Amino acid sequence: QVQLVESGGGLVQPGGSLRLSCAASGFTFSSYTMTWYRQVPGKERELVASIRSGGNTNYADSVKGRFTISRDNAKKTVYLQMNSLKPEDTAVYYCYTLQFNSWGQGTQVTVSS
């Protein structure tokens, strides 16, 4: 079955960096768009970034120029490099594939001094 497993979250100071990973299994990873979302308690999930099978990317305005999404099809993994982190980036980050409507368990990112 489709499985997505996120890792790489943690506590970081403002201005710092983190790299999230999402390891996929159970489907032909290279053929599908992969997306990162984030959610703060009490708010709806927000699309952060997506990457198509061909490598085209899309970002939320709030993270443009700071975050970079990438994929390694050989490793069936999608990454989210987050630089210049701000306290408002604090959230649980989820990996998602639309075609299978499948979510990972999420990884907590906390940006605080």
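Predicted model: local features only at pLDDT ≥ 70, side-chain atom pairs only at ≥ 80, totals over all residues.

Analyst: Strands S7 and S8 (residues 77–82) run antiparallel, joined by 6 bridges.

Now widen the view. S7 and S8 belong to an open sheet of 4 strands. The order is S1-S3-S8-S7, and the pairing is antiparallel. At the edges are strand S1 (3–7) and strand S7 (67–72), each pairing on one side only. From one strand to the next, the twist averages 15°.

Next, look at S3 in that order. How many disulfides does a search of the whole structure find? The search finds 1. A disulfide is a covalent bond between the sulfur atoms of two cysteines. Here the two are Cys22 and Cys95, with S to S at 2.1 Å. Cys22 sits in strand S3 (residues 18–25), while Cys95 sits in strand S9 (residues 91–97). They are 73 residues apart, so the pair links distant parts of the chain. The link is left-handed, with -85° about the S-S bond.

Are these two cysteines buried or exposed? The cut-off for buried is under 20% relative accessible area. Cys22 has 1% relative accessibility, so Cys22 counts as buried. Cys95 has a relative accessible area of 0%, so Cys95 is buried too.

Notes:
Residues numbered from 1 in each chain as written. Heavy atoms only, no water. Disulfide = S-S within 2.5 Å. Helix = DSSP H or I, 4+ residues; strand = E, 2+ residues; numbered from the N terminus. Buried < 20%, exposed > 50% of the residue type's maximum accessible area, 1.4 Å probe, protein only. Pairing = 2+ DSSP bridges. Axes fitted to C-alpha atoms, helices over the stretch in contact; angles between N-to-C directions.
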